[in-house]
Amino acid sequence: MYRIMMMILMTTTLVFASSGPGARDAATISGFVYNKENGEALIGANVYFENLAMGASTNVSGYYVIPSVPIGRYILVCDYLGFETYKKTIEIVNGENVKLNIYMNVSILETEEIVITADSIRTAERLYRKPISTVQLNPKQINQVPQVAEADLLRSLQTLPGIAPISDFSTALYIRGGTPDQNLHLLDGTDVYNPEHMFGLFSTFNADAIKHIELSKGGFGAEYGGRLSSVLDITNLDGNREKFEGRASISVLSAKTTLQMPIGNFGSISGAIRRTYFDKTVAEFIDDIPDYYFYDGSIKAFFELDKNNRLTLSYYGGNDYLDYKFNTEATEKKGFTYDWGNKTASLRWTRVFTPRLFSNFWVTYSIFRSRFKMNIFDMYENNDIDDLTFKGNLEYHYSDKLAVKFGFEQKNLEVSYIEDDPQTAIDIKQDAMQISGYTQLNIRPTQSWLIETGVRYNYFDSDKTFRNWAPRFSTKYKLNETIGLKAAYGRYYQYLNQIDRFMVSDVWSLSGKSEDRAYADHYLVGYQQEIQKDYELEVEAFYKKMNNTYSFNQNIAAEMKIDTYTPDGRPLIENTKYVFKRGDSKSYGFEFLLRKDVGRLNGWIGYTYAHTLTKIDGINLNRWFAPRHDRSSTVNLVTNIDLLKEREKLVLGMNFIYSSGQPITEPGSAYVIASSPFDPYRSASYAPTKINNIRLPFYARMDLSLTYKIQYKNWSMSPYLQIFNIGNRKNVWFIEYDYDEGKPEIEVIQMMPLLPTVGVNFVF
Amino acid sequence: MNITKSILMLITAAWIMSSCGEASVDVKNESYEPRIVIEGFLIAGQRNVKMLFTKNFRVDEGFTNLDIFLDLETTEASVTCLDDGKVYELSFIVVQERDEVKEAYWGYQGSDFLVEPGKTYQLNVSAVVEGQNLSASSITKVPPAGFKITHFNHDSLVYWQKDENGNVLNFEITFDLSADTDFYMAAIQALNPTLKTFIYDNPYGDVEEEDIDLDDDAYKNAAAFNLDPSIGYGKLKLEWYDFSFYDDYRIVMFATDQNYREFLVSFSNVMEIDGNFHEAKFNIEGQGIGIFGSMIADTVYCKVLDK
């Protein structure tokens, strides 16, 4: 397959290179697009000519390029949601490139539909320019989705079609049948490995510090690799380049603040910090509440060195800490401590080599540490990940018909898991180097067609070497002014496996001799349509086949064989040979999304029909079964309504979700047995025979929020009330089986009940 | 009707649906299939083999001890020594004391069956259960001779006793290993447990009297596994959570075969903490579940004293 892709790449390059534009009869227009109010670069802004069928979108750095603009006089238009449309007359003269930085004014009448749509680029065009299966949310949208306690990025994403949670208690994303370990989380270009606080209840990403979110649910281009299912690319705020700006929030969960300010006239800095505080409040008065808190903080500095060079420094750090005592009344107070967290740092150099050759180079460092120590007996667990990455993404805009993206990534990974208890010692240390290179051609043969074809090569060297070619292909076709069609195929490789642990941070392991690399094929087709100017309709069908997916071997204690020992004779486990069970998965379905981002009533309706099947070696007699996260139908409805005519004065938010029941295992039968010949008592045990053979009842939940904004000059205060599960529906999480004196005790464990929370947001 | 109105209608419908109170779960146990349950342990040196063969039952129905017994007329069981081919037919034996049934089990009536270390035995059981002819078989190899307790460090200890340096003292068993045997277990049994002798002042959990189950709490398992055979001996430290009563204890330490190891570490953990299930490892062919395993045992006694 990769040979075919390479031939296509080379052929198209030659064809278009030979028909490139002349230097004198055309010019390139390029530059950055900024928010005039704070100097933030705008990602995904549309720049185009009103009277010429040419245009571009800004990239992750806010840079746009329109090459091969013929000589003439044109009106250049820039459009970005929530901003007034920008227009400027441009004159192209012989061979003179135009460098134009665009400063956009925030629309003061943002919710008035007519202002947004009158001069704006068509909704259909915005849809068309968006890559297939991509979801974009802005911080405002995240904040408006009613949540538990406070806005959470990952929980907001769970309201979109194709993205499912496993339960109310988890922020992890199950995307199109994939598991959370198959999602690449990028924060300012840096991998984040366990993005969870509070045992998965909240994500590590502070919504107030975020500038832009783009989630690709599949079919992503050659610039991304390393995961089977999705890419979540988060860009934090660069910082206000015009003035000091601050935000603060207090919720029942935490207090947080985000501050931004300029650095001279050449840069900016932003910082955010958040900390939970019930260890200092409620826990002071109630003994049974364990000593627990989390904090996270980020800082980002942006420097415009000159007109062609920019430097961005970004740091994130977060940690959870738990000190738990089993019996606080006992003379001997024993328990465990557990602390875990991520730290990431990145340095990005943005370089405009020529107006047509744009580049970003990164050095990123990401670490995850968890430390568990049981003091009731001698046991500790240390779980570490270190990731030092060098990467570069370049894009060359050869003509309005051809752009080339190419780049590299060199990743140095170290993973270690150490456990020591009186019976066993585990000391698994793995390291690997991954080198990847990619090239992708963006070909526009006509105004209606866009073809993106590329290939990514991975070289992964741990205790075994893998070499893999990953072809990617996508195409878009503009059927008419309102309708577009899209299709994509991609092969994806993943060289990491995860032990998914309930409420405890997950453990990662590298592919090698013990576990093969995983790979997936995505097949996607999509239909999109603009309806009544403001409504976006997207329908996508997908088929995803995943191979060599590894899950934790629940019977590891029964199956493990040991051949190395500690000096004191305990078994020493130094590899992951028995840790995982190999499996395959496949998922298919379609998604429907009707979305409206503007107006007094905005939000989206989503519907997902999907099925996922998994087969794990040695489980369920090697038969296919639906995993716990499989749901055949899901309906999402998210709306925000401005109740008063005054903009954002009183906003009612609603989130509704309905999904058909998750599969669960009903034990085939129960039986009575003694645990040993010396055990005088017999108890009931269970013998499951078919895994996930029944379905739980459907899941439904509605959340509401009400936010009232009080404005005083440039200051605002927005108290809010959020009610999670307002219907107090008792959704089923799982079923527990037990017997008491021969009588069955079947207990239904429920998810979160009605949960009202209050808080207040400040902007100053 | 415009789209806005349609959305509002949907919101209303969604509201009504989400307000529908409780999701009910109706457990129908559709995957139920009758099975022979084997509880068969062969202990080296044992002449009086005792096994139980019962049937499984539905998870949504209650049971009594009588319900789960196999029909004696249709049940046949035998143990074959694969080393010499000798077959020992098992029969149902009831031991009575003063007209009361003291014990009932499947055993061998003769005196020529001695479970020997290192030998391999096959169990075959067949029965008619709920109208179905079921059969099951399993093979165990008794661990070779060699295992024995060589040292037990304390006859008695005060609960959470510490030495002069503040280090917590524990009972510890030192034992010789059997060849090719990597799983050793201690069955810790409080001999006279009562609600009064329960250790309430313990660091493991705040326990009220009504939470105590004397049957469950008086017996604990502790295991040492995958020990280094080149050392030739093993040690098992008994943690204080293995003791729930101020009491006398019998500790039976035994070396086990692979069947028992796989059964013990899997059968009670099939229900995972988040509601998922996985299968236990029974090592039984046919329509049987449970355990047919073997072991060599040795016993020590100790006492846990009140502070």
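Which strands of chain A each supply at least two residues of the nonpolar patch? They are β44 (699-708) and β46 (715-724). The model is predicted, with local features requiring pLDDT of at least 70 and side-chain atom pairs pLDDT 80 or more, while totals for chains, interfaces and linings use all residues. Residues are numbered from 1 along each chain as its sequence is written, chains are lettered from A and ligands numbered from 1 in the order in which they are written, and side-chain values use heavy atoms, without hydrogens and water.

**View 1. Nonpolar surface patch of chain A.** Val252(A), Leu643(A), Leu644(A), Leu706(A), Tyr708(A), Ile710(A), Met717(A), Leu721(A) and Val758(A) together have about 690 Å² of accessible area (Shrake-Rupley method, 1.4 Å probe, only the protein chains shown counting as cover). Patch residues have over 30% relative accessible area and no salt bridge, and nonpolar side chains (Val, Leu, Ile, Met, Phe, Trp, Tyr) are joined within 5 Å. Tyr708(A) lies in strand β44 (a DSSP run of E, at least two residues).

**View 2. Interface of chain B and chain A.** Chain B brings 96 residues to the contact and chain A 93 residues (heavy atoms within 4.5 Å). About 7,900 Å² is buried between the chains, 63% of it from carbon and sulfur atoms (accessible area lost with a 1.4 Å probe, summed over both parts). On the chain B side, Val59(B), Phe277(B) and Glu279(B) lose the most area to chain A, together 9% of what that side buries.

**View 3. Salt bridge between Lys281(B) and Glu559(A).** The two side chains meet at 3.0 Å, N to O (a salt bridge needs a side-chain nitrogen of Lys or Arg within 4 Å of a carboxyl oxygen of Asp or Glu). Three salt bridges are found across the interface of chain B and chain A.

**View 4. Salt bridge between Glu125(A) and Lys478(A).** The closest N and O atoms are 3.1 Å apart. Glu125(A) sits in helix α3 (residues 123-129) and Lys478(A) in strand β29 (residues 465-478), 353 residues apart (helices are DSSP runs of H or I, at least four residues). Over all chains, the structure holds 55 salt bridges.

Terms used. Buried area is the accessible area (1.4 Å probe) that two parts lose on being put together, summed over both. Patches are made of residues with over 30% relative accessible area and no salt bridge: like charges are joined within 9 Å, nonpolar side chains (Val, Leu, Ile, Met, Phe, Trp, Tyr) within 5 Å.
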